[in-house]
Amino acid sequence: MQSVDVAIVGGGMVGLAVACGLQGSGLRVAVLEQSVPEPLAAEAAPALRVSAINAASEKLLTHLGVWSSILANRASCYHGMEVWDKDSFGRIAFEDSSLGYSHLGHIIENDVIHYALWQKAQQCRDVTLMAPAALQQVAWGENEAFITLKDGSMLTARVVVGADGANSWVRQHADIPLASWDYRHHALVATIRTEEPHQAVARQAFHGEGILAFLPLSDPHLCSIVWSLPPLEAERMQAASDEAFNQALNIAFDNRLGLCSLESERRVFPLTGRYARQFAAHRLALVGDAAHTIHPLAGQGVNLGFMDAAELIETLRRLHSEGKDIGQHLYLRRYERSRKHSAVLMLAGMQGFRELFAGENPAKKLLRDIGLKLADTLPGVKPQLIRQAMGLNDLPSWLR
């Protein structure tokens, strides 16, 4: 039976960030993952799943020693953001230089981030990567957790980190209640070729019951889109001919970048909000999608998860250096309180935003248009909004 201090279930981006962040702390770490990630070929078409990495996540990834390799692979820096309400005067725009920043964020394929973290974890002496590894059972003992894998092997850990995604096996087997709600939206993702260059600006249009985001990729004429639509409409758009899809897309996007055309397949994902009632328990901590999932309209899901990782790294390092039991719920409560607060604020903000921008009710439309206009023109509002979007108000102390 193998014995470790920290067993991380799930070797995705957030789980691997925790593992890499604990290197050198004196803690022995095991990462249990079902499959080994593959590198993206340099000439491969852009992957459909991308993330908008904000300044806070960039700080974490830099600290973990993977940021330079991510940038050397495929990452697209963006310098501006535009948000508007279709068929109205509501609009807000941000530009990095006018706000005192060199950039606002990066659009990066999830596979690129994932593989860079996996490679880093392989180099960490204190980290053991176990893949493929599938869990059979976990028993929560007084002083350690006992994990049985499907291949019959066993290991013990002083704390288990549930980083195994939205349908977390760990969360379910720890009997942690989950609040969930249907956003009544599906996200259609695809890669789009634009007639005019995107000029490294991220754009988002609200139209009726839909939200359409154009995220600039490294090719000046390619964007990754996330189009949030009612389920039936999303399925209709997925099944539509390329011509019909392109026509609907150009109408929804107000032809902001000239004629846009489909460059890839179209995939659709249902959108569900989730919030675990506990982010920590005896010998357990949850991070990332295992703890919370939010609507992608502000692109903050993975950034929220990376800040969970940053907070948990700080907590476990501090507890270990103080000689305390890293798996005691009493000591993990500080991590839980901090991250639940951040998640609740983000979930509530996204829900309010989603409700305000849903539908064509004239009174609601006028309210949101005035709101966007005021936010765009009132002094002092934009710097606060952009700090929030960049995650600079949510940094754990060790990353400040």
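Residues are numbered from 1 along each chain as its sequence is written. Because the model is predicted, local features need pLDDT of at least 70 and side-chain atom pairs count only at pLDDT 80 or more, while totals for chains, interfaces and linings use all residues; side-chain values use heavy atoms, with hydrogens and water left out.

**The cores**

A nonpolar core here is a set of buried Ala, Val, Leu, Ile, Met, Phe, Trp, Tyr and Cys residues joined through side-chain atoms within 4.5 Å. Buried means under 20% relative accessible area, exposed over 50%, and partly exposed in between, with a 1.4 Å probe and protein chains only. The largest such core holds 112 residues, and V6, L117 and F306 have the most contacts inside it. Helix α8 (residues 301-321) gives the most to this core, with 10 residues. Helices (H or I, at least four residues) and strands (E, at least two) are DSSP runs, numbered from the N terminus. A second, separate core has 21 residues, including A190, L212, A234 and L249.

Leaving aside residues up to four places away in sequence, F306 touches M13, V14, A17, I53, S57, L60, L61, I113 and L117. Contact means heavy atoms within 4.5 Å.

**Where two helices cross**

Helix α8 also meets helix α2 (residues 55-63): their axes come within 9 Å and cross at roughly 45 degrees. Axes are lines fitted to C-alpha atoms, for helices over the stretch in contact, and angles run from 0 to 180 degrees between N-to-C directions. The two helices, α2 and α8, are therefore oblique to each other, since angles under 35 degrees count as roughly parallel, over 145 as roughly antiparallel, 65 to 115 as roughly perpendicular and the rest as oblique. From α2, the contact is made by A56, S57, L60 and L61, and from α8 by N303, F306, M307, A310 and I313.

**Strands side by side**

Two strands pair if DSSP finds at least two bridges between them. Three strands form an open antiparallel sheet in the order β3-β7-β4. Its edge strands, β3 (50-53) and β4 (75-78), each pair on one side only, and the twist averages 20 degrees from one strand to the next. Helix α4 (residues 110-123) lies across β3 and β7, running at about 85 degrees to β7.

| Strands | Bridges | Opposite residues |
|---|---|---|
| β12 (residues 178-194) and β17 (residues 267-276) | nine bridges | S180 and R274 |
| β17 and β20 (residues 292-293) | two bridges | Y275 and H292 |

**Backbone spots worth a look**

A cis peptide bond joins A131 and P132, with omega about 0 degrees. P132 lies in the loop between β8 (127-130) and β9 (135-140).

D87 is not a glycine, yet its phi is positive, at about 60 degrees. This residue, D87, sits in the loop between β5 (80-85) and β6 (91-95), and D87 is exposed, with a relative accessible area of 63%. N255, also not a glycine, has a positive phi of about 50 degrees. The loop between α7 (242-252) and β16 (260-262) holds N255, which counts as partly exposed at 40% relative accessibility.
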